[in-house]
2 protein chains.
Amino acid sequence: MTYCLGLDLQGGLVLLSDTRTNAGVDHVSTFSKMHVVEIPGERVIALLSAGNLAVTQAVVNLVNEGIEQTTGLETLASVPGMFRAAQLVGEAIRRVYVKDGEAMQAQNVAFDVSFLLGGQIKGRNLRLFQLYSAGNFIEATPDTPYLQIGEHKYGKPILDRVVRADMALEDGVKVVLISMDSTLRSNLSVGLPIDLLVYRRDSLRVGLRRRLTEEDAYLRLVRDGWSSALREAYQRLPRPGWMED
Amino acid sequence: MTYCLGLDLQGGLVLLSDTRTNAGVDHVSTFSKMHVVEIPGERVIALLSAGNLAVTQAVVNLVNEGIEQTTGLETLASVPGMFRAAQLVGEAIRRVYVKDGEAMQAQNVAFDVSFLLGGQIKGRNLRLFQLYSAGNFIEATPDTPYLQIGEHKYGKPILDRVVRADMALEDGVKVVLISMDSTLRSNLSVGLPIDLLVYRRDSLRVGLRRRLTEEDAYLRLVRDGWSSALREAYQRLPRPGWMED
């Protein structure tokens with residue numbers, strides 16, 4: 001399984017995915033679950049994926065190599081805005097379904113994928129979307145500025161309590177790491193290292209991209225600090241008064 | 001949806017379920033999701049259920065009214081030990097499947113149920129089981145002294161960090177309420193009030209049964225206290241040092 005999450009904050013985007021492998025870093029760089037298109041000064045678009053790997057890789061390939069439109073090949077590097085980017089990814093999902101869906105069904109393999117798509121194109125708004133297997137999508141809002149795909153439940157309670165659209169990016173990084181930590185502890189199928197991307201609104205370049213391993217000092221501080229803080233908080237709560245026996 | 005959980009501690013059992021309705025309290029009492037068989041001084045057996053209500057009610061009815069064996073009708077009030085009780089519930093699940101499974105499938109309704117079964121019979125060990133739709137089951141152990149059914153993921157991280165077989169029953173009550181609170185906050189389909197049962201090992205009678213509503217002072221204390229403790233703990237963690245931009 002996978003766990004990916006994204007925050008759409010006033011200051012920009014915080015994106016996090018678990019992943020164990022990665023490919024080359026370049027103008028278009030590919031992590032196993034975090035695919036980034038960066039044209040410095042013009043656009044940053046990140047696509048995070050969960051679900052059947054054959055499907056997600058096919059979708060990523062399609063939006064990289066381009067889907068034919070009446071106006072020519074359209075890619076994540078050429079779309080004019082983020083809404084169109086989401087439509088393009090949705091179209092790619094549907095194309096893969098048309099091509100592979102029936103054969104997968106014959107093998108009892110679920111066509112089960114989801115994506116987070118976040119970024120900004122020059123002169124346009126920063127946006128963060130979540131796409132479903134059907135190719136349709138929803139968008140993060142100031143009321144609910146986070147989106148999750150994959151194993152999302154373990155790490156949701158802390159997001160529900162802490163995330164606000166006006167929190168600082170640094171605090172956003174802190175909370176996504178706590179949310180990931182809760183998931184890592186409770187579900188063995190989600191594993192280190194994890195990939196972090198921070199994008200500052202209107203910067204039009206990747207602000208921070210970092211692979212966090214077991215050895216990362218800050219990640220260890222969050223993990224140990226959070227665990228002991230939880231245990232302490234639990235200890236401090238009183239026992240029920242009605243339980244005298 | 002439902003969330004039920006049980007702790008098998010050295011001191012006894014702590015069982016908690018969310019539920020909005022209940023029926024009469026008696027020698028055999030029925031809550032919507034927590035069914036208790038108590039013969040004071042002889043046995044206490046609690047059955048907590050999640051999943052399709054028609055199936056879970058059919059199973060509860062079968063183990064109450066009895067399943068015919070070569071030796072006569074066998075019920076939760078007559079089984080000689082908890083392992084046999086788990087087998088009986090499993091047998092009931094399979095009978096309901098044989099009777100209703102095909103018709104349910106024709107209507108595209110999943111035969112999806114799970115149960116927690118905990119208790120003790122005089123002269124025998126206290127035990128806690130989790131039963132699956134197939135009627136098979138697993139047992140809590142000193143290494144993993146908790147079991148969950150239903151919407152279990154939101155409330156798992158705190159259990160993984162805090163629950164130990166040698167914790168006091170009072171502390172067990174505290175942690176199951178925290179776990180339930182995390183679930184209530186993150187999933188609207190799980191709701192108050194909640195039903196709590198505490199059984200002290202070898203007491204052979206229900207130690208505490210309590211329905212906790214929005215108005216319960218201790219529950220409110222746990223909910224508010226936990227929320228502010230989490231926020232505080234989050235605040236206290238430092239920001240990442242590598243994020244200077």
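In this predicted model, helices H1(B) and H2(B) cross with a right-handed sense.

- The helices in question are H1 (residues 53–65) and H2 (residues 82–106) of chain B, whose axes come within 9 Å and cross at roughly 125 degrees.
- That angle makes H1(B) oblique to H2(B), since angles from 65 to 115 degrees would be roughly perpendicular and those over 145 roughly antiparallel.
- On the H1(B) side, the contact is made by B:Val55, B:Ala58, B:Val59, B:Leu62 and B:Val63.
- H2(B) answers with B:Leu88, B:Val89, B:Ala92, B:Ile93, B:Arg95, B:Val96 and B:Asp100.
- Sorted by type, the residues of this contact come out as 10 nonpolar, 2 charged and no polar.

**Chain A overall**

- Chain A is built from 5 helices and 13 strands.
- Its radius of gyration is 19 Å, close to the 18 Å that the globule rule gives for 245 residues, so chain A is as compact as a globular protein of that length.
- Along the principal axes, the C-alpha trace of chain A spans about 75 × 45 × 35 Å.
- Of the 245 residues in chain A, 48% count as buried.
- Take the chain A contacts between residues at least 6 apart in sequence: 64% of them join residues at least 24 apart.

**Where chain B meets chain A**

- The chains touch through 39 residues of chain B and 39 residues of chain A.
- On the chain B side, the elements giving two or more residues are helices H3 (156–162), H4 (169–186) and H5 (217–236), plus strand S13 (208–212).
- H5(B) supplies the largest share of that side, with 11 residues.
- The chain B side divides into 19 nonpolar, 14 charged and 6 polar residues.

- As background, most residues other than glycine have a negative phi.
- A:Asn108 isn't a glycine, yet has a positive phi of about 60 degrees.
- You'll find A:Asn108 in the loop between helix H2 (82–106) and strand S8 (113–121) of chain A.
- A:Asn108 is exposed, with 6 other C-beta atoms within 10 Å.
- Over in chain B, B:Asp202 also has a positive phi, near 70 degrees, and isn't a glycine either.
- B:Asp202 sits in the loop between strands S12 (194–200) and S13 of chain B.
- With 11 C-beta neighbours inside 10 Å, B:Asp202 counts as exposed, because the cut-off for exposed is 12 or fewer.

Technical notes
Residues are numbered from 1 along each chain as its sequence is written. Chains are lettered from A and ligands numbered from 1 in the order in which they are written. This is a predicted model: local features need pLDDT of at least 70, side-chain atom pairs count only at pLDDT 80 or more; totals for chains, interfaces and linings use all residues. Axes are lines fitted to C-alpha atoms, for helices over the stretch in contact, and angles run from 0 to 180 degrees between N-to-C directions. Helices (H or I, at least four residues) and strands (E, at least two) are DSSP runs, numbered from the N terminus. Angles under 35 degrees count as roughly parallel, over 145 as roughly antiparallel, 65 to 115 as roughly perpendicular and the rest as oblique. A crossing is left-handed if the near helix is turned anticlockwise from the far one by less than a right angle, and right-handed if clockwise. Two residues are in contact if their C-beta atoms, placed from the backbone, lie within 7 Å. Ala, Val, Leu, Ile, Met, Phe, Trp, Tyr, Cys and Pro count as nonpolar, Asp, Glu, Lys and Arg as charged, and the others, Gly among them, as polar. The radius of gyration is taken over C-alpha atoms; the globule rule is 2.2 Å times the number of residues to the power 0.38. A residue is buried if 20 or more other C-beta atoms lie within 10 Å of its own, exposed if 12 or fewer, and partly exposed in between; C-beta atoms are placed from the backbone.
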